[in-house]
Amino acid sequence: EWKRASPESQGMDSAALLDAIKRKNFDAVGLHSLIVIRHGYVVAEAYRYPYTADTRHIMNSVTKSFTSTAIGIAIHEGRIKSVHERVLPFFQGQYDIAPDDRRDRLTIEDLLTMRSGSNWNDNAPTGYSFNGLIASDDCTRFALSAPMLLKPGLVFDYNTGNSQILMGILNKATDGKAEAYTREKLLEPIGIRDATWLKDPTGLVAGGHGLGITSEDLARLGFLVINDGRWE
């Protein structure tokens, strides 16, 4: 569990922290919780009713950071060769995707950096968008099928479909056990044990949304990252 300590014991001013919290209208900005961690200690926290420390939130796009971290672990373990691997060979024989020379050159790195070059509008009400993704019967196939607009690697364009393809790759690299692998290799070692996770109709967990964790759990990933991937 996270250790608690006074702000002063960690070099912070409790009066300044309290003033900052009191000046912010949690309801007006839609903030459910606030946790301040210093040197590995929780030094301040606040929750807006009815939310508590035990409330699991659907973290939406923060899920993408968990997916990309799991991809990194799979590369470290040799399940995926590198970020430079081509994407389509992972799905050979599974999906019949319209041929496109640009899609053929798509790499894992292009997905991680959201520079896939696909014709995607995450905020559109229909079509190749987040809404279209979650309405599909196979989210990975849907994301892979998005028409190409540019050569991969050129332009950043926010794309939840890219993260879904990454989850599909992780699923292939772990023999169909993407969720179990992520829980075993990432969530559980840093203390996230009761996460919920939305799945598509095929049973695959979402790569770009849908992970349900507490606010404290979210801080665990941040703490892992600022400590260069080391935990305790």
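Start with the open sheet of 3 strands, ordered β1-β3-β2, with mixed pairing; strands, like helices, are DSSP runs numbered from the N terminus (strands are E, at least two residues; helices are H or I, at least four). Two strands count as paired if DSSP finds at least two bridges between them. Select 3-4 for β1 and 33-38 for β2: these are the edge strands, each pairing on one side only.

This is a predicted model, in which local features need pLDDT of at least 70 and side-chain atom pairs count only at pLDDT 80 or more, while totals for chains, interfaces and linings use all residues. Residues are numbered from 1 along each chain as its sequence is written, and side-chain values use heavy atoms, leaving out hydrogens and water.

Next, select β3, residues 41-47, which runs antiparallel to β2 and is joined to β2 by 6 bridges. Ile35 has Glu45 of β3 as its bridge partner, and Leu34 has Ala46. Then click His39, in the hairpin of β2 and β3: the hairpin has 2 residues between the strands, and His39 takes a positive phi near 60°.

Move to the other open sheet of 3 strands, with the order β4-β6-β5 and antiparallel pairing. The edge strands here are β4 (57-58) and β5 (196-197), each pairing on one side only. Select 211-213 to show β6, which pairs with β5 over 2 bridges. Trp197 has Leu211 of β6 as its bridge partner.

Select helix α9, residues 178-187. Which residues of α9 are buried? They are Ala178, Tyr181, Thr182, Arg183, Leu186 and Leu187. Buried means under 20% relative accessible area, exposed over 50%, and partly exposed in between (1.4 Å probe, protein chains only). An α-helix has 3.6 residues a turn, so residues three or four places apart point the same way. The cover over the buried residues of α9 includes α3 (63-76), α8, β5 and α10, where contact means heavy atoms within 4.5 Å.

Salt bridges come next: a side-chain nitrogen of Lys or Arg within 4 Å of a carboxyl oxygen of Asp or Glu. By this rule the count is 12. Select Arg48 and Asp27, whose side chains meet at 2.8 Å, N to O. Arg48 lies in the loop between β3 and β4 and Asp27 in helix α2 (residues 26-29), so the pair ties together parts that are 21 residues apart in sequence. Arg48 is buried at 18% relative accessible area, whereas Asp27 is exposed at 54%. Then select Asp100 and Arg102, a salt bridge of 3.1 Å, N to O. Asp100 is buried at 17%, and Arg102 is partly exposed at 26%.

Finally, zoom out to the whole protein chain, which has 10 helices and 6 strands. Its C-alpha atoms fill a box of roughly 60 × 40 × 30 Å, taken along the principal axes. Of the 232 residues, 44% are buried.
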